[in-house]
Amino acid sequence: MSQPRSSYAIGTGLFIVLGFAALAYLATQTTSVANVHQGASYTLDARFANIGQLKERAPVKIAGVRIGQVQSITLLPGQEVADVTLSIDQRYNKIPQDSIATIFTSGLLGDQYIGIQYGTAKQLVAPGGTLVFTKPAQQLEEMLGKFFGAGGIADNLGGTYTVTARFTNVGTLAAGAPVKMAGVPIGSVQSVHADPLKLDADVTLAIDKRYNQIPDDSAAAVFTSGLIGTQYVAIQPGGSPDALKQGDEMILTQSAMQLEDLIGKFLVNGSPADKQAAGSVPASSSTARKH
Amino acid sequence: MNARRWGGSNVVTQTLAQIGACGLFLLTLLAAVPRSFQYFRETSRQLWFVGAMSLTIIMVCGLFVGMVLMLQLYHVLSIFGGTSASGMVVALSVYRELGPVVTALLFAGRAGTAITAEIGLMRATDQIAAMEMMAVDPIAYVATPRFLAGVAAMPLLCCVFCAMAVFGGHLVGVTWLGIDNGTFWSNMTAQVDLRTDIINGVLLKSLAFGAVVTLIAVYQGFATAATSEGVAHATTRTVVASSIAILALDFVLTAFLM
């Protein structure tokens, strides 16, 4: 290695400059740092009955333009609503008080975001205030359920910190799957066993002790995250004054919907032979008619 | 320094002795860091050799890795109609795994072998012994500058590799396959996180790989039998041991950092 000194000094300098330039490029041009506007912002609260797959740092948009992001998502203990705090750019501080916050999905499989539609009121919502009008995330199962007339919550039951629930069909639900209320995770599935006598699935749910005010007539349903996502147990609060306790069983459950079943029924509804079968209790029927 | 002498003929004990001797060598290397500061010019010359001279291979390979990754992803994702996500997937897979690992493998082949062969030949031609005669510490003058230069060069090389891969992905995805330019960048910036992907993925991993590759290269150079055959074997062992160490360490780091 007998290069003259100046040539390797220039080469090394060039190499170091290029390396750091590449690092700066990666860090600023290809990461979310470019997205996170660090300017002045103010916060608004919005309460949703169900936030679906909404995550912290999800965008907040007006007319499709990003104006801020979701700062935090909390479930108020004892209440069945998710409290979402929005951090909005100071420039966009003229939001009418009767504006509607809605949880939308980008495309069919995309991430969820909050869209704000302007109202007509002259009064503006103050920084730190609350958007009163909200529309929760649409659950694909509920939409399909309504569409096929199977929206009702049908089957059986659960417990407390742990509680149990029986499902005629758990789909691909596995131990470790989240348990959600109003879309916010509050626990996880501890075990899934087939009952050898009753011939249904016995699911044990471990629920966080903070959420000990869940009415004992709440319903448990197996939902899917998005169209091809993993399955989870959603708890839909009931109206009973008594709370679920350790070892209780949730009576009302709704089994996993088999997309194949639903589509199959829909497709064969025209043929008279299948009409009878299709008309009988679509929600709990788990007889596979796969196409 | 000669692990074969301690390890006997058994393969397992020989391997263990190699690892142990390598670990002890790292300690001598680190202890010599303060003394090697007087040879700063040697360190910067090594930085030029292992860093600047590796730029060409790193840039060309990064470009092609990004291009082929985009081509593959485009065809798979078009089945699901998700081609707009392919830029994001290219960036994430390059930052988290391919960038540090491929850069380290290329670095082991390009710089690691050169270090081993150079030090091995120094030993074979008694240059190391001559340095000791002149009261020049060969660890502080030969080993530590190369080690420090390798540790410093790897993260920079990895950044260049990743930037070229993203550029290659953009080239194929946007200009050839027709993904929308805005979608390409916005999907990428929405999903790539500075801390988990750039700092933990690119920088931390490549720093660890740089340390491991140069340690193995320098150690093999010093541990070689002082013959031309010994140098050939040591160079081979550098590539084999570095590749195994990089991939094993990659798994451990991913498990801890994710």
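Predicted model: local features only at pLDDT ≥ 70, side-chain atom pairs only at ≥ 80, totals over all residues.
Which residue in E4(A) does Asp45(A) stand opposite? Asp45(A) stands opposite Thr85(A) in E4(A).

**Stop 1: strand E4 of chain A**

Keep E4(A) selected and show its side chains, which alternate along the strand. Ala82(A), Val84(A), Leu86(A) and Ile88(A) point to one face and are buried.

Leu75(A) has Ala82(A) in E4(A) as its bridge partner. E3(A) and E4(A) form a hairpin, with 6 residues between the two strands. Within the turn, pick Gly78(A), where phi is positive, at about 85°.

**Stop 2: the eight-stranded sheet of chain A**

Next, select strands E9 to E16 of chain A, which make up an open sheet of 8 strands with mixed pairing. Going across the sheet, the order is E15-E9-E12-E11-E10-E14-E13-E16. The edges are strand E15 (249–250) and strand E16 (252–254) of chain A, each of which pairs on one side only.

For one pair inside this sheet, zoom to strand E13 (residues 219–224) and strand E14 (residues 231–236) of chain A, which are antiparallel and share 6 bridges. Ala219(A) has Gln236(A) in E14(A) as its bridge partner.

**Stop 3: between the chains**

Show both chains. Here 20 residues of chain A are in contact with 25 residues of chain B. The chain A side of this contact has 13 nonpolar and 7 polar residues, and no charged ones.

**Stop 4: helices H2 and H10 of chain B**

Move to chain B and select helix H2 (residues 11–31) and helix H10 (194–223). Their axes come within 10 Å and cross at roughly 105°. Angles of 65 to 115 degrees count as roughly perpendicular, so that is how H2(B) and H10(B) stand to each other.

At the crossing, display Ala21(B), Cys22(B), Phe25(B) and Leu26(B) from H2(B). They meet Leu215(B), Ile216(B), Tyr219(B) and Ala223(B) from H10(B). By class, this contact has 8 nonpolar residues, with no polar and no charged ones.

**Stop 5: helix H11 of chain B**

Select residues 228–257 of chain B, which form helix H11. At 1.5 Å a residue, its 30 residues should span 44 Å; the end C-alpha atoms are 42 Å apart, which agrees.

Which residues of H11(B) are buried? They are Val231(B), Ala234(B), Thr235(B), Thr238(B), Ala241(B), Ser242(B), Ala245(B) and Ile246(B). An α-helix has 3.6 residues a turn, so residues three or four places apart point the same way. The cover over the buried residues of H11(B) includes helix H6 (86–124) and H10 of chain B.

**Stop 6: two loops of chain B**

Finally, go to the loop between H6 and helix H7 (127–133) of chain B and pick Asp126(B). Its phi is near 60°, a positive value in a residue other than glycine. Is Asp126(B) buried or exposed? With 11 other C-beta atoms within 10 Å, Asp126(B) is exposed, because the limit for exposed is 12 or fewer.

The loop between H7 and helix H8 (138–176) of chain B holds Ala135(B). Phi of Ala135(B) is also positive, near 60°. With 6 C-beta neighbours inside 10 Å, Ala135(B) counts as exposed.

Key: Residues numbered from 1 in each chain as written. Chains lettered and ligands numbered in written order. Helix = DSSP H or I, 4+ residues; strand = E, 2+ residues; numbered from the N terminus. Expected span 1.5 Å × (residues − 1). Buried ≥ 20, exposed ≤ 12 C-beta atoms within 10 Å, placed from the backbone. Contact = placed C-beta atoms within 7 Å. Nonpolar A, V, L, I, M, F, W, Y, C, P; charged D, E, K, R; others polar. Pairing = 2+ DSSP bridges. Axes fitted to C-alpha atoms, helices over the stretch in contact; angles between N-to-C directions. Parallel < 35°, antiparallel > 145°, perpendicular 65-115°, else oblique.
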